[in-house]
Amino acid sequence: RLLSCEVEDMIDTALHIVTEKREGVLRVEIHRPEKKNALTAAMYGQLADVFQQAAGDSDIRVLLLHGQPGAFTAGNDLGEFLNDPPMNEDAPVFRFLTAFRDFPKPFLAAVTGAAVGVGTTMLLHCDMVFAGEGAKFQLPFVSLGLCPEAASSLLLPALIGHARAAEIILLGEPFGAGQAREMGLVNAVLPDAEVLDHALVRARRLAAQPPAAVRLAKQLLKRPQAALVRETMAEEDRQFKARLTSPEAREAFGAFLEKRKPDFSRFS
C-alpha cells in the first residue's frame, strides 16, 4: 500500500539506506535483508547523514525508522567490527549514536523481527516505538566481550529498574514484544503486517501537530536526563572502544564467525 502512494522524494543511498519524504514524514528504511540488516560503517555513516540533514529540513517534521518484515536490524556487522574496529571519535557508528541522541524532532521506529544491539538501544531514544508480535529484542554486548552503548546503561535501568536491566544486559538473552511492551520500551504490539502502516498513521498525526510546540515538548521531556545521557555515552564510548580490541571480544567475535561456542574459561 505504501509503495502505491504518490511519492514526493525518493532517495536511494548506496542501496542499503532508502528514504521517502511525504506529508512531513521522513521514512528511513534499513535495507540489507540478505544480512538481516546488519549495519556496516558505510550504513552508519549514511544514517548519520540522514538524521543530520532531516534535523535541518523544515519540510521534515517526523522521522520514522524501520527495516523489512522479519528484520529491523541484526546490529553491527561483526566481521567488519573485528577486522576494522571503530576507534576514532568521528567513526560513523559514533556519529550515528550522536545524531539520533540529539535529533530535535520526533523519532519513531517500527520494529519487526530481530532488533539486536544498537537495534534495541536506539529505541531507548525514540519518542514512540511500535513492534510486531514476532519482534525479538536483544542486548548481547557483554556476551560479545563488550559493554553497553547509546546510554543504555543509564536509560534501561531508569525505564525498568536495576534488577531487570541487569538480567537483560548481563545475560544478553533475547526477549519478545510482549515483554518489551510491559516494560515500556514499545508503545504498542501489533500483527507484524500492520506495524509499518500503524507507525505511519501515528507519524502523520504527529506531523500535523504544531511543529515548534512538538520540538519544545520533546526537548522538555528529555531535559532532565540530557546532560547525564551525554556523560554516560561518552564513558560508554570510551570503554566500548577499549573492549573492541580486548582478548574477550576477539574470542567472542571469532567464535561467532566460526560458528562455535566461545570459551572464556582462561580469562579472569
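The legends below describe close-up views of one predicted model.

Residues are numbered from 1 along each chain as its sequence is written. In this predicted model, local features need pLDDT of at least 70, side-chain atom pairs count only at pLDDT 80 or more, and totals for chains, interfaces and linings use all residues, while side-chain values use heavy atoms, with hydrogens and water left out.

**View 1. Strand 8 and its two parallel partners.** Helices (H or I, at least four residues) and strands (E, at least two) are DSSP runs numbered from the N terminus. Two strands pair if DSSP finds at least two bridges between them. Strand 6 (residues 107–111) runs parallel to strand 8 and is joined to it by 4 bridges. A further 3 bridges join strand 8 to strand 11 (residues 188–190), again in parallel. A131 of strand 8 stands opposite V111, and its bridge partner in strand 11 is V189. Because 4 of its 5 residues are buried, strand 8 is largely enclosed by the rest of the structure. Here buried means under 20% relative accessible area, exposed over 50%, and partly exposed in between (1.4 Å probe, protein chains only). In a regular strand the side chains alternate between the two faces of the sheet.

View 2. On a 1 Å grid over the protein atoms alone, a pocket is an open set of points with protein on both sides within 12 Å along at least five of seven lines, and lining residues have an atom within 4 Å of a point. Grid points are joined across faces, edges and corners, and a volume is the space filled by probe spheres set on the points. The largest pocket holds about 670 Å³ of space. It is lined by 29 residues, of which L124, H125, L221, K222 and Q225 are the closest to its centre. Strand 8 (128–132), helix 5 (152–160) and helix 9 (211–244) each supply at least two lining residues, and helix 9 gives the largest share, with 10 residues. The lining comprises 15 nonpolar, 5 polar and 9 charged residues. In these classes, Ala, Val, Leu, Ile, Met, Phe, Trp, Tyr, Cys and Pro count as nonpolar, Asp, Glu, Lys and Arg as charged, and the others, Gly among them, as polar.

**View 3. The second largest pocket.** The volume of this pocket is about 520 Å³. Among its 20 lining residues, A38, A74, N76, L78 and F256 are the closest to the centre. Helix 2 (78–83) and helix 10 (247–258) each contribute at least two residues to the lining. By class, the lining has 11 nonpolar, 5 polar and 4 charged residues.

View 4. T40 lies in the loop between strand 3 (25–30) and helix 1 (41–55). T40 counts as buried because its relative accessibility is 13%. Apart from neighbours within four places in sequence, T40 is in contact (heavy atoms within 4.5 Å) with R32, D77 and E80. K36 is found in the loop between strand 3 and helix 1, and is exposed, with a relative accessible area of 58%. Although K36 is not a glycine, it has a positive phi of about 55°.

**View 5. K259 in the segment after helix 10.** K259 is found in the segment that follows helix 10. With a relative accessible area of 79%, K259 is exposed. K259 has a positive phi of about 55° although it is not a glycine.

**View 6. L200 in helix 8.** L200 belongs to helix 8 (residues 195–207) and is buried, at a relative accessible area of 3%. L200 and V62 are 138 residues apart in sequence, with their C-alpha atoms 10.0 Å apart in space.

Methods: 1 Å grid on protein atoms, 1.4 Å probe; cavity = no way out; pocket = protein on both sides within 12 Å on 5 of 7 lines; lining within 4 Å.
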